[in-house]
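Welcome! Let us walk through a protein model together, one residue at a time.

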Amino acid sequence: MVRLLTSVAALRCYLRSYRTQNPLNFVGLVPTMGGLHLGHLSLIQRAKAENGLVVVSIFVNPLQFGPNEDFQNYPRRLETDLQQCEQAGVDVIFAPSVEEMYQSSVQTMVIPPTSIMSGLCGKSRRGHFPGVATVVTKLLNLVQPDRAYFGQKDAQQVAIIQSLVQDLNLPIEIIPCPIVRESSGLAYSSRNQYLTLSEQQQATVLYRALRRGQEYFHKGCNSATEIKTFVQTELETEPEVQVEYIDLVEPQTLIPLATVETKGLLAIAARVGQTRLIDNLILHRRQPIIAIDGPAGAGKSTVTRKIAQALGLLYLDTGAMYRAVTWLVLQSGIAVEDEVAIAEIVSKCRIELIPDGEQPRTLINGQDVTEAIRSLEVTAQVSAIAAQWAVRQALVKQQQAFGNKGGIVAEGRDIGTTVFPDAELKIFLTASVQERAKRRLLELHSQGKTEITQEQLEQDIAERDRLDSNRVISPLRKAADAMEIQTDNLTIDDVIQRVVKSVIS
């Protein structure tokens, strides 16, 4: 049952008790202003999948509303929000009063860099983003979550919060989540309820206009001026919609772009009747990223290597990256259990993967370790090293850096959910426990190991699946938008052909 807390004291008491009893569990935070809709619920669902405890904050923050904005009229329906959170499996709702959050008439404010908050919505909503940054900082400090979830619809807010967390060295992962849309294409927003039926229809032009800009971008147009002109032309088909801005900016810094080389944020703000709405799309121009996840023994490594070779893409061998770090730790004479020393060394290392047939060469700090990382010594220690939080964090960042320009195929347990949530193609490769045990048995028999039975292997594989699915760090999960391929009756070539066909089409 969801627990409703309204005071800072109660929230801190609850979280202290929870962390004492569950020291290994992650805590996720979903900050909201209430008026929950399917967009909020998608954030909650992801937080539930990735954390042991989920806190949803419901607080209409006065600091982010201007003098002529809708603070007094903003949707407040706590009872309905409570019911939705209960159904979604939320553990705690933190719904403080204004007096509880701001106990002094003089507030310390968090001011983001002018460069990131002065454009887009900042041009017309002066004071808005310092208000956002201040309340989010307070919530992050109160809950101290491992992860916090924000919707990509508020792209400027996401960029500011990511910058805030990085600049203040807050040990929190900010998770931007995709925009959820109504069947008409209109992005879900608490303010949509202000719209009349005719205004709801008019508002659908925002997404159509964004798609029109995206269409011309995909045709090869990379001029920001031309793309914005196509967007403007579509918006003009609904003369009642009053456009505030159409901008094309770099997604993290929000610096305006003259041309889009690989990535840009195409954003709109407009008034429909008396209601101000925002929407955006990310424009990508890169070779595809193919993310392949699935349980152990489903054939991911073999398939991934062959797909990369068939498509001329880089096989991002994440296993080799963890082996390279393990090799470096052993070469440095650091004890495997010394997590602090390992965190120090992994935060400064640089891994390169150089294409070379099916298996890329692996370099760490400029040294080729392709053969050395396959030693028995490395194999014996890699699991212990890979399980460490600091190693995981550092290598995910490096893996994501490989993906900036696309053109990679990667496999693992959470490649499509955590490492590359924006991958162009996500595959969940699986097979029944019985089939995976049969394959493993044939492999063992070919090595002369005949003492192990199919039944033993089935038990071992089922237990491995259970452990992998319940890991605190990087659990096995199928991405919501992944294509599942069940391989019981398929050959490796069958799987490769199916994936390649999906990419080409």
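Is Glu443 buried, exposed or partly exposed? Glu443 counts as partly exposed, since its relative accessibility is 39%. Here buried means under 20% relative accessible area, exposed means over 50%, and partly exposed is in between, with a 1.4 Å probe and protein chains only.

Before we go on, a word about what you are looking at. This is a predicted model, in which local features need pLDDT of at least 70 and side-chain atom pairs count only at pLDDT 80 or more, while totals for chains, interfaces and linings use all residues. Residues are numbered from 1 along each chain as its sequence is written, and side-chain values use heavy atoms, leaving out hydrogens and water.

Back to Glu443, which forms a salt bridge with Arg440, their closest N and O atoms being 3.2 Å apart. A salt bridge is a side-chain nitrogen of Lys or Arg within 4 Å of a carboxyl oxygen of Asp or Glu. Side chains of opposite charge can pair when their charged atoms come close. Both Arg440 and Glu443 sit in helix α17, three residues apart, about one turn of the helix. Helices (H or I, at least four residues) and strands (E, at least two) are DSSP runs, numbered from the N terminus. Arg440 is partly exposed too, at 35% relative accessibility.

How many salt bridges are there by this rule? The count comes to 29. One of them joins the side chains of Asp70 and Arg191, at 3.0 Å from N to O. Asp70 lies in the loop between β3 and α3 and Arg191 in the loop between β6 and α8, so this pair ties together parts that are 121 residues apart in sequence. Asp70 is buried at 17% relative accessibility, and Arg191 is buried at 18%.

Another salt bridge brings together Asp465 and Arg436, at 2.7 Å from N to O. This pair links distant parts of the chain, with Asp465 in helix α18 (residues 454-469) and Arg436 in helix α17 (residues 433-446), 29 residues apart. Both Asp465 and Arg436 are buried. Salt bridges can also form a network, as they do among Arg208, Arg212, Glu215, Lys219 and Glu234.

Now look at Glu199 in helix α8 (residues 197-203). Glu199 is buried yet has no salt bridge, and the nearest side chain of opposite charge, Arg271, is 10 Å away. For charges, Lys and Arg count as positive and Asp and Glu as negative, while His and the chain ends are not counted. A polar atom of the Glu199 side chain does lie 3.0 Å from the backbone nitrogen of Thr196.

Next comes Gln64, in the loop between β3 (53-58) and α3 (78-88). An unreviewed UniProt entry lists Gln64 for "binding site"; UniProt positions are given in the numbering used here, feature names are shortened, and annotations may be inferred rather than shown by experiment. Gln64 is buried, at 9% relative accessibility. Leaving aside neighbours within four places in sequence, Gln64 has contacts (heavy atoms within 4.5 Å) that include Met33, Arg125 and His128.

Finally, consider the backbone. Most residues other than glycine have a negative phi, and most peptide bonds are trans. Leu120, however, has a positive phi near 45 degrees, and so does Asn169, near 55 degrees. Leu120 is buried at 5% relative accessibility, whereas Asn169 is exposed at 67%.

Note on methods. Contact = heavy atoms within 4.5 Å. Polar contact = N/O pair within 3.5 Å; in protein donor to acceptor, adjacent residues only side chain to side chain.
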